[in-house]
Amino acid sequence: MLKQIHQNIRRLLKAICFTTSIFSVSATASTAIASTATGIDLPVFSDSLSNGLRVLIVPDSNVAIVSCRLYYFVGGMDEWSSATGLSHLYEHMLFKGTKRLGTRDYSKEVPYLNSIDSLDRLLQSVREAKGENDPQYKAFFGEIMSLLDKQRRYIKKDEIWELYNNNGGSGLNAWTADNMTGYIVTLPKNRVELFYWIESDRMQNTVLREFHSEREVVTEERRMRYDNQPVNRYWERLNSLFYAAHPYRQPVIGWESDIRAHTTEKLRDHVHRFYTPDNAVLILVGNIDPKKAMADAGLYFGGIKRAAHKRREVVTREPAAFGGTRFTVAEDVEPRMDVLFQTPGYPNADIYQLDVVEGILSDRSGRLYKRLVDKEQLCTNVGASNNVRLHNGYFHIYASLKKETDPARVEAIIKEEIDKLIKNAPTDREMTRVVNGMRMSFVTGLKSLEGISDRLASFERLGSWKDMFDYQEKVASVKAASIPEAAGKYLNPELATWGFIVPKTTTKRNN
Amino acid sequence: MTIKTTKILFVICLSFAAMVTSVASCANTAGKRSTAAVSGVDSAGATVGVIDTATAATAKAAARVRATGKRQIVSHPSELKFDSLDWKVPLGDRHRVELVAGPIAYVAVDSTLPLVSIVAYIRSGSLTEPAGKEGLGSLMARLMRTGGTERYNADTLDALIDQLAMSFSFAQTESSIAFKASFLSEYLDTAMVIMKEMFFHPVFDPKKLERERKITIENIGNRFANPGPTLSVAYRKHAYQKSAAARISTAASVKSIKRGDIVALHKAAFSASDIILAASGKFDEKDMINRLNAVFAAPIKPQPQVIPEIAVAPRLRALVVHKGISQAYVRMGLPLFKSPHPDYYAVSLLDYILGGAGFTSRLGSRVRSDEGLTYSIHSNAETNYTYPATMHITFYTKTASFPKAVTLVLEELDKIVKDGVTEEELENAKAALITELPSFFRSPEDIVSTYAWNEFYGRAPDHYAKYPDEIRKLTKADIDNAAKKYITVDKITYTIVGDTTAISAATTAAVKDGFFSINSLKSKKVMIADSLERFE
């Protein structure tokens with residue numbers, strides 16, 4: 001059966017390579033790669049339109065659906081001070097419609113939109129001077145909502161959502177991360193054109209209607225995700241202490257004061273910079289013909305213009321670690337400890353060694369679990385994670401502590417285990433376990449259409465989607481003898497950021 | 001190693017409700033669980049129940065393109081014409097095998113990836129735990145993975161599983177123990193040995209038992225740390241009172257569990273209960289059946305499961321649980337029925353229109369989109385094959401806004417009861433639920449695990465095949481009748497987690513504004529989260 005699949009894929013690749021020149025809007029040659037890593041073939045068809053929109057297609061004729069995802073390479077790291085959370089807010093606003101969607105008569109909405117914008121400028125000036133409890137602020141806000149009520153005669157509520165739902169869309173959602181945003185839906189294979197229509201329209205014709213009510217929604221979201229989730233609130237602050245300079249230190253959802261100060265003007269400026277075809281990648285995975293898909297992509301997206309100006313790139317990089325940082329909060333939640341170490345951005349070669357270190361420390365038979373959960377019985381869970389990021393990553397050791405456990409004991413043991421990593425190379429058995437784990441993780445990552453899509457997008461953001469296929473081989477090629485040097489280079493406890501959540505009664509112990 | 005799994009850092013989504021309601025809509029209505037999606041199918045099962053048809057307009061549009069040689073973009077997506085979908089709901093029959101010892105297995109080959117997946121449902125669950133021993137089944141489930149077997153001691157087993165990057169787990173639900181295994185196909189031999197050892201030869205190592213007991217007690221101590229889980233526990237305590245459905249484990253109940261209790265439960269569950277399996281992946285079908293027969297070599301004679309009577313019987317109209325947070329977490333509940341039930345599909349469509357469809361639902365549109373009062377609001381008509389379920393509406397909003405939000409919800413409930421649904425809403429709901437089906441049957445793994453679950457809960461083998469027609473045949477009158485029958489505003493119970501001082505202040509202000517007042521409810525109780533353990 002597998003042989004049959006390989007033969008089919010080879011035939012498919014041959015056919016595609018032959019036909020790429022027919023794409024009238026094609027700016028680059030289409031390529032196809034059948035990965036040989038782990039013995040799995042995955043055909044990926046890559047092309048781009050003349051306006052810079054990249055298109056990746058992974059055909060799979062065995063399913064009746066297509067995962068359709070449009071990723072913009074913009075996120076929390078692209079936001080400057082006072083504008084945190086703009087990408088996330090726009091993620092919400094993109095569901096409010098366009099000049100043709102979500103409206104009964106756009107021309108009749110325009111006067112209301114303009115009036116609301118004018119009032120919003122007054123609203124923001126009052127907010128800055130007197131705060132949101134001031135009667136004048138409330139009056140302006142009430143007037144805006146009153147205008148919105150009138151505008152709603154011409155609004156067709158949530159039409160985008162309804163169109164996708166009514167056409168069998170599943171997993172309909174959108175998300176924002178530090179370095180990209182994703183607009184996602186999985187459709188029956190015969191309805192993918194709906195995706196092209198809606199997403200190409202959203203790329204060029206979005207209308208910022210119902211902005212103020214949606215800003216309230218985002219504020220509620222922030223309350224739910226951070227203010228009332230003690231661990232998330234702690235993690236948000238720890239992250240901002242770990243990154244001294246890079247905008248990774250900002251929460252993707254934005255600081256509350258920034259969210260409250262967002263305006264349509266700020267948002268438009270952000271949108272014009274980043275939400276253009278040359279800063280996006282369209283990925284289709286499922287039962288779809290690449291040739292037809294490229295023609296459709298060209299038809300719908302081909303006429304959209306590139307960004308008018310060169311995008312401002314984030315040039316900030318973390319300065320070298322300088323001294324350690326300690327952060328302790330007392331909360332009535334499970335006590336925990338987090339240790340964050342600076343690591344290089346992608347594609348520095350050391351990240352593969354740090355992946356091996358993660359594997360050695362993690363899982364039930366990993367060194368940390370055996371020591372802290374099994375032997376010492378100080379923790380309920382423990383692990384490590386090598387977080388690779390575009391500019392500056394971090395290596396993370398985390399532990400969930402029992403309530404009576406002294407965090408100092410866990411800290412000392414973590415330091416001991418780091419010391420062992422620096423002094424002695426891992427065993428062959430450990431190396432085999434890490435490589436097997438990497439392979440299993442890669443294979444299971446290909447189980448879902450959506451998972452394939454997100455992986456391709458993430459690697460494309462880091463540099464190239466092709467890197468996805470040899471990443472695990474690079475980890476597998478790491479020599480055990482190189483691990484002590486890598487551990488010594490990056491895992492210096494004296495330069496790390498240490499975070500603690502302790503029970504409320506024992507706050508003093510770590511200060 | 002994060003990059004290999006492409007974890008996206010600090011991701012936040014547009015809609016938590018969307019994720020919830022995605023499950024609530026199709027999973028509830030079609031009555032299946034969500035399962036891991038796998039690309040690739042090489043099974044060729046018989047199918048019935050076409051869910052889409054070609055249109056004459058499609059043919060005309062295609063002809064127009066051929067004639068002009070140039071395609072045009074239509075002015076609105078509603079004008080798009082789609083080809084027919086040549087897909088039918090797959091049946092499970094061809095995958096069904098009765099093993100020699102009695103258990104049923106659904107088996108399907110999928111050679112797309114070098115993986116094997118096995119799931120099993122074992123008739124057991126928390127509802128049958130002895131009073132005072134709550135947590136017994138969960139502790140047993142943890143130990144079946146971590147407590148060692150006759151052939152492999154616990155540490156050796158951990159090392160073997162990690163070394164080969166395999167995954168095995170047991171988890172207890174109310175009415176089952178669910179087993180899941182996933183591994184690379186080249187390790188099939190070893191995996192089947194481990195599975196047999198875990199199923200039939202666990203030793204429940206006393207040292208590991210104590211370790212797991214301590215971890216369980218630690219977790220119990222932290223379970224009310226966040227408002228969401230607190231709301232869920234409080235709601236069940238509120239709705240189901242003293243019944244088994246409302247019981248939760250406590251430190252005392254977990255401490256009281258003896259190793260002998262675990263051994264006895266294991267014997268009952270794994271030698272005298274229904275077991276239904278699903279196996280999919282890269283293997284030879286006959287070989288897999290032989291292997292499953294080898295695992296289940298000893299005859300299994302299921303004994304009837306005795307579950308005490310459970311009813312939805314709230315004693316109070318409102319239960320308020322104090323937590324020092326800035327929002328009120330609110331769940332409004334109403335009694336529903338035990339499945340299967342003739343109103344099942346009508347209620348599912350009603351639920352979709354009311355609050356199951358995300359932004360386009362009435363509640364999402366009014367409370368979130370119009371008013372900006374919440375990030376997440378959804379309704380959920382639960383499906384329960386063991387005892388009567390409930391229908392509930394859940395949202396979170398800043399405390400000062402909760403009376404207004406409740407008022408809006410009540411207005412929407414009143415409107416749907418009095419005026420019913422519109423024909424357009426009904427057609428949209430039908431289209432959504434039917435056309436979404438292909439995404440829930442993607443792979444052999446989806447098919448066999450779904451049909452294993454289907455049989456475990458005693459549903460007809462053609463449940464999914466008939467599903468599109470069951471949805472299509474419902475009329476506006478059916479949905480309106482369901483609304484009148486199941487939505488009674490005066491019977492709604494309110495479970496609220498939040499800062500009681502702020503809730504009190506919001507209530508006082510609400511009276512002035514004419515919004516909902518919790519003080520208008522005659523029976524209510526205020527308590528702190530930890531005392532929920534003792535609340536009956």
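How many salt bridges are there between chain B and chain A? The count is 15. The points below concern a predicted model.

1. Extent of the interface. On the side of chain B, 101 residues are in contact with 120 residues of chain A. The area buried between the two chains is about 9500 Å². Carbon and sulfur atoms give 55% of that area.

2. Charged and polar pairing. One of the 15 salt bridges between chain B and chain A joins the side chains of B:Glu445 and A:Lys447, with an N to O distance of 3.1 Å. Polar contacts across the interface of chain B and chain A number 40 residue pairs, counting those with both residues at pLDDT 80 or more.

3. Make-up of the chain B side. Helix 7 of chain B, residues 206–221, gives the most to the side that touches chain A, namely 8 residues. By residue class, the side of chain B that touches chain A holds 45 nonpolar, 31 polar and 25 charged residues.

4. Over all chains, the rule counts 42 aromatic pairs. Among them is the pair of B:Tyr344 and B:Tyr345, whose ring centres lie 5.0 Å apart. The planes of B:Tyr344 and B:Tyr345 are at 80°, and the pair is edge-to-face. Are these two tyrosines buried or exposed? B:Tyr344 is buried, at a relative accessible area of 6%, and B:Tyr345 also counts as buried, at 12% relative accessibility.

5. A tilted pair. The ring centres of B:Phe441 and B:Tyr451 are 6.3 Å apart. Their planes meet at 40°, so the pair is classed as tilted. Which parts of chain B does this pair tie together? B:Phe441 sits in the loop between helix 15 (423–435) and helix 16 (444–456) of chain B, while B:Tyr451 belongs to helix 16; the pair therefore ties together parts 10 residues apart in sequence. B:Phe441 counts as buried because its relative accessibility is 4%, under the 20% cut-off. B:Tyr451, at 2% relative accessibility, counts as buried as well.

6. A phenylalanine cluster. Ring pairs also link a set of phenylalanines of chain B into a cluster. The residues in this cluster are B:Phe168, B:Phe170, B:Phe179, B:Phe183, B:Phe199, B:Phe200, B:Phe270 and B:Phe296.

Conventions. Residues are numbered from 1 along each chain as its sequence is written. Chains are lettered from A and ligands numbered from 1 in the order in which they are written. This is a predicted model: local features need pLDDT of at least 70, side-chain atom pairs count only at pLDDT 80 or more; totals for chains, interfaces and linings use all residues. Side-chain values use heavy atoms; hydrogens and water are left out. Contact means heavy atoms within 4.5 Å. Buried area is the accessible area (1.4 Å probe) that two parts lose on being put together, summed over both. A salt bridge is a side-chain nitrogen of Lys or Arg within 4 Å of a carboxyl oxygen of Asp or Glu. A polar contact is a pair of N or O atoms within 3.5 Å; within protein, one must be able to donate a hydrogen and the other to accept it, and residues adjacent in sequence count only if both atoms are side-chain atoms. Helices (H or I, at least four residues) and strands (E, at least two) are DSSP runs, numbered from the N terminus. Ala, Val, Leu, Ile, Met, Phe, Trp, Tyr, Cys and Pro count as nonpolar, Asp, Glu, Lys and Arg as charged, and the others, Gly among them, as polar. Rings of Phe, Tyr and Trp (its six-membered ring) pair if their centres lie within 6.5 Å; planes under 30 degrees apart count as stacked, over 60 as edge-to-face and the rest as tilted. Buried means under 20% relative accessible area, exposed over 50%, partly exposed in between (1.4 Å probe, protein chains only).
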